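Here are my notes on the model, point by point. Please read them with the coordinates open.

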Amino acid sequence: MFKALTIAGSDSGGGAGIQADLKTFQELDVYGMSAITAVTAQNTLGVQGVQPISKEMIAAQIDAVAQDLGVDALKTGMLFSSDIIITVAEKIRHYGWNKVVVDPVMIAKGGAPLLQQEAVTAVKEKLLPYAFIVTPNIPEAEELTGLRIQSEADKIEAAKKLISYGVKNVIIKGGHDENTNESIDLLFDGKDSYTFTSHRINTKNTHGTGCTFSASITACLAKGLSVYESVVIAKRFITAAIEADLELGSGHGPTNHWAYKRKAGITV
Ligand SMILES: Nc1ncnc2c1ncn2[C@@H]1O[C@H](COP(=O)(O)OP(=O)(O)O)[C@@H](O)[C@H]1O
Ligand SMILES: Cc1ncc(COP(=O)(O)OP(=O)(O)O)c(N)n1
């Protein structure tokens, strides 16, 4: 039994956040656990409300999981404030967890802020030193490094800067690079870089792609796969999930978390 923890926000619409993470863990045969950092009122049209959880309650959720169930790997998603980031980083340090995937969630697809602007420094200084893998999209990588990203060389430069903050591996995702008909994710391990390419799927239903991708990586790390192997599986998982997108709601619909297993012919 492999176990993964997500420390992230709740998306009432079920497409992103904790809900996407737990669906992904389940589909990849990993037992999923959660520490909720914020509750959002959210659907495919956008975010209608955000209520952060107190840092004491977040710490209590993490302790409850750590002290009884155990954690093989964890991911962080929406962390909202500096206080929450510092609380989570302190728990990661305390429990000595090293399979830590940081998805530095900043802004939802509809434009709603999921991280306070003044908390960007806390991500860099307090959380990234504990990250085994960080998975920014292009705007997030630009915000964290202050660099403009327009080419593969720019992605490598930005990845090097992120490594200088103490991260072991960087994946800069290509979903926002709409100048190409491909979606190219770049992995940099501090020495070598690797690209993972899929055709760009023409759909508006990409709500929760980043959460689902980072949760897939976390599940694979929990099972003992290498970083490279985990990204291979995560890319297959998210591509299948976007290809078989769900026409739910009237805005940006969620991805299809069943698709990867169904593609492999596994049905119940
Ligand atoms: N239209 C698309 N077609 C194919 N893959 C996509 C598409 N949009 C996003 N992806 C993939 O989904 C994952 C999440 O990327 P991205 O959308 O950049 O993250 P985020 O949701 O954090 O903004 C990456 O693996 C990326 O390549
Ligand atoms: C509660 C919550 N967490 C994270 C996100 C952002 O998810 P992401 O996978 O980056 O997808 P989009 O917001 O780009 O659709 C969220 N919306 N809600």
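1. Two strands count as paired if DSSP finds at least two bridges between them. Strands (E, at least two residues) and helices (H or I, at least four residues) are DSSP runs, numbered from the N terminus. On that basis strand 2 (residues 31–43) pairs with strand 3 in the antiparallel sense, over 6 bridges. A41 has G49 of strand 3 as its bridge partner.

2. On provenance: this is a predicted model, where local features need pLDDT of at least 70, side-chain atom pairs count only at pLDDT 80 or more, and totals for chains, interfaces and linings use all residues. Residues are numbered from 1 along each chain as its sequence is written, chains are lettered from A and ligands numbered from 1 in the order in which they are written, and side-chain values use heavy atoms, with hydrogens and water left out.

3. The hairpin of strand 8 and strand 9. These strands pair in the antiparallel sense over 7 bridges, strand 9 covering residues 193–199. L187 has Y194 in strand 9 as its bridge partner. There are 4 residues between the strands, and G190 takes a positive phi near 100 degrees in this hairpin.

4. Most residues other than glycine have a negative phi. D29 has a phi near 65 degrees, a positive value. D29 sits in the loop between helix 1 (17–27) and strand 2. F80 also has a positive phi, near 65 degrees. Its loop lies between strand 4 (73–76) and helix 3 (82–95). Please check both loops by eye.

5. Ligand 1. Which residues come nearest? Polar contacts here are pairs of N or O atoms within 3.5 Å. Polar side-chain atoms of S183 and D185 each lie 2.6 Å from an oxygen atom of ligand 1. An N or O atom in the side chain of N137 is 2.8 Å from an oxygen atom of ligand 1. On its own ligand 1 has 550 Å² of accessible area, and the protein covers 93% of that. Accessible areas come from the Shrake-Rupley method with a 1.4 Å probe.

6. Ligand 2. Of the 16 residues around ligand 2, Q42, K109, H207, G210 and C211 come nearest. The side chain of Q42 places an N or O atom 2.8 Å from a nitrogen atom of ligand 2. Backbone atoms take part too: a polar one of G208 is 3.1 Å from an oxygen atom of ligand 2, and an N or O atom of the G210 backbone is 3.0 Å from an oxygen atom of ligand 2. Ligand 2 exposes 420 Å² when taken alone, and the protein buries 96% of that.

7. The shell around ligand 2. Strand 1 (3–11) and helix 7 (209–222) each supply at least two residues. Helix 7 gives the most, with 3 residues. The classes are 6 nonpolar, 9 polar and 1 charged.

8. On a 1 Å grid over the protein atoms alone, a cavity is a set of points where a 1.4 Å probe fits but cannot get out, and a pocket is an open set with protein on both sides within 12 Å along at least five of seven lines; lining residues have an atom within 4 Å of a point. Grid points are joined across faces, edges and corners, and a volume is the space filled by probe spheres set on the points. The search finds 1 cavity of 30 Å³ or more. The largest cavity holds about 50 Å³. Its lining divides into 7 nonpolar, 1 polar and 1 charged residues, with L79, V102 and D103 among them.

9. The second largest pocket. Its space is about 240 Å³. The lining has 14 residues, with I138, I149, Q150, S151 and D177 nearest the centre. Helix 6 (152–164) and strand 8 (182–188) each supply at least two residues of this lining.

Methods: Near = heavy atom within 4 Å. Polar contact = N/O pair within 3.5 Å; in protein donor to acceptor, adjacent residues only side chain to side chain. Nonpolar A, V, L, I, M, F, W, Y, C, P; charged D, E, K, R; others polar.
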